[in-house]
Amino acid sequence: MSAEKAMNMRKKVYALQSKLSNAAKESLDRKFGALYDKVYRKDVLMESWRLVRANKGAPGIDEQDFETIERDIGVDRFLAELGDDLRAKRYRPLPVLRCWIDKPGKAEKRPLGIPAIRDRVAQMAAKLILEPIFETNFLPCSHGFRPGLSCHTAIDQIRCAITFDRLTTVIDADIAGYFSSIRHDILLRLVSRRISDKHMIRLLRAWLKAGVMEDGVYEESGEVGSPQGAVISPLLSNIYLHSFDKMFQQSGINGKLIRYADDWVVLVKGDGRRVLKLLTKMLDRLQLRIHPEKTHITDAYRGFDFLSVHFRMRPVRKRGSRLKESCRLWPADKAIMRIKQKIRDSIGTRYSLKLEEVIYELNPVIRGWNNYQTRIRPWKKRFLSLNHFAEDRIRIFLKRKYSDPTRGTRRIAGGLPRKLGLAQFG
């Protein structure tokens with residue numbers, strides 16, 4: 001397909017999304033029917049393929065990867081067959097492949113569901129249709145996996161609420177096993193508040209009921225749970241927790257909720273224990289419960305971590321400032337521990353590599369972490385120690401590689417790693 005034709009298809013999809021969004025804004029209670037036929041439109045499926053392909057990812061239980069589809073089947077044929085199955089209502093999703101990944105900074109692991117690429121494309125098509133409708137209802141407190149919003153918009157909102165609104169009592173809460181606790185009947189009932197197309201509801205139910213495959217053993221999904229890793233999961237998660245956002249908004253609590261997916265904090269004035277009891281009752285209505293060991297009440301003067309950032313109220317030392325105190329940010333201790341471990345893992349023990357090759361592989365690790373943390377305008381003292389740490393790990397690598405009697409200091413003298421292009425923190 002030519003680039004011009006692909007761009008025209010993309011524009012058609014954007015136009016469709018804009019039309020759906022405008023219609024949803026006209027009436028926040030309007031129910032949308034006749035959406036299913038848009039899922040298998042050629043332009044929608046082509047745009048879905050482009051987005052899924054850009055995200056890359058491993059194959060599902062059918063072991064069919066992107067290269068196999070492009071080489072042996074052809075993208076046009078692959079999408080045409082998927083479109084035909086959706087149109088004829090004979091499409092059936094495969095079980096998702098369950099694997100276990102490490103939780104950052106923790107010994108425990110969390111499950112990740114990997115759908116087949118065919119199912120990912122179908123889910124992306126449904127997401128392109130449904131997202132513009134539900135986006136009009138979502139509240140400003142929700143930042144996760146939404147167009148134009150991010151971790152950094154959530155972080156800025158917390159900073160402003162503490163500094164300017166003086167909301168210094170912090171309820172840092174965690175929902176116990178959120179994705180495995182989502183009730184299918186409640187979720188589909190919430191979806192049906194905006195979607196009356198029974199075929200679209202049936203399609204969502206099919207993904208929820210697809211089940212999982214682990215080590216060749218099939219496991220039914222039952223009536224609860226939405227696998228993390230599915231394309232449609234973040235949207236369904238936001239639809240589910242939008243009810244929590246709405247309950248908080250209507251509760252009259254003098255405070256602010258800031259949520260990123262299932263991670264959230266509540267900032268209030270005064271007694272946080274009473275507010276926590278109210279929050280627990282709100283989540284009970286969604287059949288969710290707060291994790292007792294991971295939920296605590298603190299204050300901004302003692303500081304707290306959220307989204308890998310540490311927040312703390314500090315005195316303002318600048319002369320002439322109208323503010324006596326402001327919320328300062330810097331990388332959380334756990335975030336620093338994780339980046340140090342990533343630096344160790346990247347350098348490793350491959351002593352056949354040249355110094356330039358080590359630096360080339362290390363730079364993306366440093367830049368990725370640095371880009372996230374520097375966008376929050378942090379207190380920069382901690383960054384200097386990380387630069388020393390990275391150079392010291394390179395020194396240790398060179399000492400071991402060459403059995404250097406100078407402990408590697410001679411081989412990095414004069415700031416050699418920086419001269420060879422080692423990325424810097426801060």
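This is a predicted model: local features need pLDDT of at least 70, side-chain atom pairs count only at pLDDT 80 or more; totals for chains, interfaces and linings use all residues.
I looked up the lining of the largest cavity, and its residues split into 11 nonpolar, three polar and one charged. (Ala, Val, Leu, Ile, Met, Phe, Trp, Tyr, Cys and Pro count as nonpolar, Asp, Glu, Lys and Arg as charged, and the others, Gly among them, as polar.)

Residues are numbered from 1 along each chain as its sequence is written, and side-chain values use heavy atoms, without hydrogens and water.

My search of the whole structure turned up one cavity of 30 Å³ or more. A cavity is a set of points on a 1 Å grid over the protein atoms alone where a 1.4 Å probe fits but cannot get out; lining residues have an atom within 4 Å of a point. Grid points join across faces, edges and corners, and the volume is the space filled by probe spheres set on them. The largest cavity holds about 90 Å³.

Next I checked the sheet: strands 9-10-11, in that order, form an open, antiparallel sheet. (Strands are DSSP runs of E, at least two residues, numbered from the N terminus; two strands pair if DSSP finds at least two bridges between them.) Strand 9 (304–306) and strand 11 (325–331) are at the edges with a single partner strand each, so one side of each has no neighbour in the sheet.

I also saw that strand 9 pairs with strand 10 (residues 309–315) over three bridges. Asp-305 sits opposite His-310 in strand 10.

Note on methods. Helices (H or I, at least four residues) and strands (E, at least two) are DSSP runs, numbered from the N terminus. On a 1 Å grid over the protein atoms alone, a cavity is a set of points where a 1.4 Å probe fits but cannot get out, and a pocket is an open set with protein on both sides within 12 Å along at least five of seven lines; lining residues have an atom within 4 Å of a point.
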